[in-house]
Protein chains: 2
Amino acid sequence: MSAPDDHLREERLQREPLLQGHFLKVVRDTVRLPDGRQATREFVLHPGAVMVVALADDGRVLMERQYRHPMGQVMLEFPAGKRDAGEDSLACARRELQEETGYTAREWAFAGRHAPTIAYSDEVIDIWFARGLQAGERRLDPGEFLDVFLADPAELMADCRNGRLIDGKTITGLLWLQQVMNGSWFLEWRDNSAA
Amino acid sequence: MSAPDDHLREERLQREPLLQGHFLKVVRDTVRLPDGRQATREFVLHPGAVMVVALADDGRVLMERQYRHPMGQVMLEFPAGKRDAGEDSLACARRELQEETGYTAREWAFAGRHAPTIAYSDEVIDIWFARGLQAGERRLDPGEFLDVFLADPAELMADCRNGRLIDGKTITGLLWLQQVMNGSWFLEWRDNSAA
């Protein structure tokens with residue numbers, strides 16, 4: 001009996017650590033291909049991340065401008081960050097929003113997941129929506145520099161159209177935002193102000 | 001005189017090669033932060049890639065199902081691939097579409113760019129649209145296994161909503177597809193059948 005994806009699936013035979021950097025961890029797996037031959041797959045091991053689409057009461061959303069060294073430029077992004085070891089996804093979303101923007105939120109809703117780099121990373125980003133925002137003090141990590149501002153979703157769509165906004169996770173957030181705003185997709189909001 | 005982003009920009013001081021794998025190349029840069037302190041940034045050096053949203057005459061789009069080892073599962077994706085050294089973006093799009101799906105296209109239009117992993121890769125994916133499709137023979141690379149099929153855009157949006165489709169570049173392609181189909185964004189088509 002063969003499963004429907006047996007002609008596509010690869011089986012991991014072996015794992016070799018390739019790099020343990022300050023930040024990046026890379027492995028090389030040896031896999032058995034569907035035709036029985038072997039190949040190697042190199043990829044980044046990532047703890048996972050979260051992104052927050054935070055809705056202000058006036059319809060704008062919280063955005064960041066941050067210099068991204070690999071891109072050599074300042075990028076437009078929704079607030080996001082890596083999960084600490086064992087950290088719950090919503091706890092991470094609340095922490096990252098507060099640390100990077102100073103804002104807390106009364107209500108939260110899980111939207112979906114975004115896999116940025118399926119060819120060479122196992123990273124998955126959980127996408128959260130937040131509303132009932134309250135401004136506060138931010139606590140950036142040492143060496144973290146970013147601007148926070150409120151943006152009109154229509155302007156962000158225009159930025160995507162004209163190439164000013166190319167960050168993948170943020171574009172996924174914009175698709176979700178558009179579908180939620182036009183009533184096509186629904187979110188299940190929960191009150192987490194006391195959490 | 002200070003530029004508007006001087007409070008965000010990092011300056012590269014030094015580059016150290018960290019990994020030269022069969023597939024992945026990783027470097028560690030030392031940078032000067034906006035406050036004058038130093039930090040290191042590790043990231044993947046990538047040649048860039050293309051993705052193709054190929055429109056069939058009946059309104060469906062060409063999709064692939066491919067096992068992605070880092071994700072440990074079969075993923076739904078638009079056809080895509082890495083650029084060869086010095087390869088023109090459209091030439092790469094034509095090549096990848098034909099190799100992976102067998103299809104050629106009469107008309108092409110450049111849509112936009114997608115940066116999948118701005119924290120730890122310099123990869124940028126050029127997004128192309130294609131129409132006037134003609135089926136042909138595909139020529140997969142050795143060790144490449146994937147299913148090709150035509151999909152209804154509305155079903156792909158539902159797959160994104162319900163979490164079956166989480167590939168970031170493909171979600172960006174869906175946003176473009178939706179905006180083009182509903183007339184919000186326009187593409188400049190050019191005839192490339194003879195190229």
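Me: Which residues have the most contacts inside the largest nonpolar core?
Reply: In this predicted model, the largest nonpolar core is made up of 90 residues. In general terms, nonpolar side chains tend to be buried together in soluble globular proteins. Within this core, the residues with the most contacts are Ala54(A) and Ala54(B).

Me: Which residues does Ala54(A) touch, not counting residues up to four places away in sequence?
Reply: Residues up to four places away in sequence are left out of the list for Ala54(A). What remains is Val61(A), Leu62(A), Pro79(A), Leu97(A), Tyr103(A), Ala105(A), Ala130(A) and Leu133(A).

Me: How many residues of chain A are in contact with chain B, and which helix of chain B supplies at least two residues of the side that touches chain A?
Reply: On the side of chain B, 59 residues are in contact with 59 residues of chain A. Strands of chain B that each supply at least two residues of this side include S1 (11-20), S2 (25-32) and S8 (104-114), and by class the side has 29 nonpolar, 14 polar and 16 charged residues. The count for chain A is therefore 59 residues, with contact taken as C-beta atoms within 7 Å, and the helix of chain B is H3 (168-181).

Me: What percentage of the residues in chain A is buried?
Reply: Chain A has 195 residues, and its C-alpha atoms fill a box of roughly 60 × 40 × 40 Å along the principal axes. Of these residues, the buried ones make up 39%.

Key
Residues are numbered from 1 along each chain as its sequence is written. Chains are lettered from A and ligands numbered from 1 in the order in which they are written. This is a predicted model: local features need pLDDT of at least 70, side-chain atom pairs count only at pLDDT 80 or more; totals for chains, interfaces and linings use all residues. A nonpolar core is a set of buried Ala, Val, Leu, Ile, Met, Phe, Trp, Tyr and Cys residues joined through C-beta atoms within 7 Å. A residue is buried if 20 or more other C-beta atoms lie within 10 Å of its own, exposed if 12 or fewer, and partly exposed in between; C-beta atoms are placed from the backbone. Helices (H or I, at least four residues) and strands (E, at least two) are DSSP runs, numbered from the N terminus. Ala, Val, Leu, Ile, Met, Phe, Trp, Tyr, Cys and Pro count as nonpolar, Asp, Glu, Lys and Arg as charged, and the others, Gly among them, as polar.
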